[in-house]
Amino acid sequence: MNTNRKKDVYVQQYQQSLQQASDILGPPEISENEITTEALLGDGSFGTVYKGRCRQKDVAVKVMLKQVDEKTLKDFRKEVAIMSKIFHPNIVLFLGACTSTPGKLMICTELMKGNLETLLLDPQVKLPLVIRMRMAKDAALGVLWLHSSNPVFIHRDLKTSNLLVDQNLTVKVCDFGLSQIKQRGENLKDGQEGAKGTPLWMAPEVLQGKMFNEKADVYSFGLVLWQIYTRQELFPEFDNFFKFVAAICDKQLRPNIPEDCPKPLKALIQRCWDPNPDNRPGFDGIVSALEEIIIELCIPDEYGAILWKTHFRHVDEVNWKDFVNVFANFVGLTNANTPSMSDLLQFSPNLNGSTIELNFKCLKSIIVSSPKGPHEEEVVSMEQFGKVLAWFGNLKEDGAQILDKIRQLMECAWFHGDISTSESENRLRQKPEGTFLVRFSTSESGAYTISKVSKNGGISHQRIHRPQGKFQVNNSKYLSVKELITGEASSLGINTPCLGSRFLSLIYKAQLSGYIN
Ligand SMILES: Nc1ncnc2c1ncn2[C@@H]1O[C@H](COP(=O)(O)OP(=O)(O)OP(=O)(O)O)[C@@H](O)[C@H]1O
């Protein structure tokens, strides 16, 4: 037998054994008495979802209605069959099902914290936009997986209540009761029983009983994105189905996108809910667009965002060495013909004790989050990179000089950097009037705060604002914090730097070991 033929036989044998295994095993069957139900988690049209226990594990249990018609039974079997075939970190993990006891049909899945709709509509829950966009990306990754499978899975009931959230705010897609399988390129049409899904979230072609494909999920996802952005209820003004269908399909009505919505997000939402399914993006395009939106939210500096998009677009954080190499290349300190900056810093005797080495030490001291455990790496997050650029400048104009700016500020005894308001008060307590420090503002991006001991030993805080990249207190603007402190010392009543800055020891240690000053 030649090698290719042998390979074919092995592949055939392997596929047969897989088929046999799946015929024997089927979806993991759990017997009725292994499942106990506790608190109610949610009510759906197919049944009720409870928190439960199964084989000593907390689970979610969807208990189907006792009296089910043939169609619901078919949907239940389909949900079990689909869930037992899909595995992805953004799809709720199917654990097993009780399929054999009539009147006791149950599906067990991993237990999640709750659904996204409830979270979004709760005004008490703080969810910054960047976190919401990460949640949207999670959901899009889950649906991308469904749409990329062969055959294709169409979810058919995408809505925020079918997106579940865990304790880390990771989002996972659930509820495959209405999902359908189709071949790539195939279009489907609903039968006599009518459109499937939840009308408010349904694509116009589905509402009208026309041919549809996976782009119907994209339409629903446009509404999901709208709700993730606005945190408002969807179409509260409608209570009549026929008027609703006419508004969506004939008048092409869509929810209002607020003025302050970032332009790329607005464009993405509008493309997703385009009346023509062919104009809607695929989920791979949606994931890419969300990645760009997340990067731009975290890194408002134009060139900083370009750096991250070009080199690290799929990740939220990178290890320090990779970051240093990319950054040094980007600002022209190294190029394709030189060794990488991390190698230069480690092995080049020329850089030992140089300003460049010290500059990178200073950058590292504010950009790297310290490892949480012995096996964790030193990493730079997209957020922290964005913050450092907001504090220290404009990457396009400053290039490598940004590193000098960081070091020069750290050389000032009064600069304490990333300490909290209460830590600044601890450091200033009992100090004479006029003692002061400067730190990063905890609430305004790119801004600084002067904390000082005022009359009678009271401690007060004053913001240094950043209009157009300048540094401003009262009505005076300066090119740097250092110039501002010198220029405004007497008007601000500050005279003595508060000691204790962690950066100063870094600079002194460097000077003692021979750094050029
Ligand atoms: N694994 C889970 N962990 C925590 N809560 C869950 C879980 N699964 C479902 N829920 C809760 O139950 C609700 C209903 O679940 P699900 O959508 O699967 O039921 P359904 O009967 O198919 O509902 P519908 O068809 O009306 O969307 C969810 O919105 C969620 O709040």
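Modeller: Axes here are lines fitted to C-alpha atoms, for helices over the stretch in contact, and angles run from 0 to 180 degrees between N-to-C directions. Helices are DSSP runs of H or I with at least four residues, numbered from the N terminus. The model is predicted: local features need pLDDT of at least 70, side-chain atom pairs count only at pLDDT 80 or more, and totals for chains, interfaces and linings use all residues. Residues are numbered from 1 along each chain as its sequence is written.

Two packed helices are described by the angle between their axes and the distance between the axes. For helix H4 (residues 129-148) and helix H6 (residues 215-230), the axes come within 10 Å and cross at roughly 165 degrees. H4 and H6 are therefore roughly antiparallel to each other, a term for angles over 145 degrees. The crossing of H4 and H6 is right-handed, that is, the near helix is turned clockwise from the far one by less than a right angle.

On the H4 side, the contact is made by Arg-132, Met-135, Ala-136, Ala-139, Ala-140 and Val-143. H6 contributes Asp-217, Phe-221, Val-224, Leu-225 and Ile-228. Two residues are in contact if their C-beta atoms, placed from the backbone, lie within 7 Å. By class, the contact of H4 with H6 has nine nonpolar residues, two charged residues and no polar ones. Ala, Val, Leu, Ile, Met, Phe, Trp, Tyr, Cys and Pro count as nonpolar, Asp, Glu, Lys and Arg as charged, and the others, Gly among them, as polar.

Elsewhere in the chain, Asn-456 is in the loop between strand S16 (448-453) and strand S17 (459-464), strands being DSSP runs of E with at least two residues. Asn-456 counts as exposed because it has 6 C-beta neighbours inside 10 Å, the cut-off for exposed being 12 or fewer.

How values were computed: Angles under 35 degrees count as roughly parallel, over 145 as roughly antiparallel, 65 to 115 as roughly perpendicular and the rest as oblique. A residue is buried if 20 or more other C-beta atoms lie within 10 Å of its own, exposed if 12 or fewer, and partly exposed in between; C-beta atoms are placed from the backbone.
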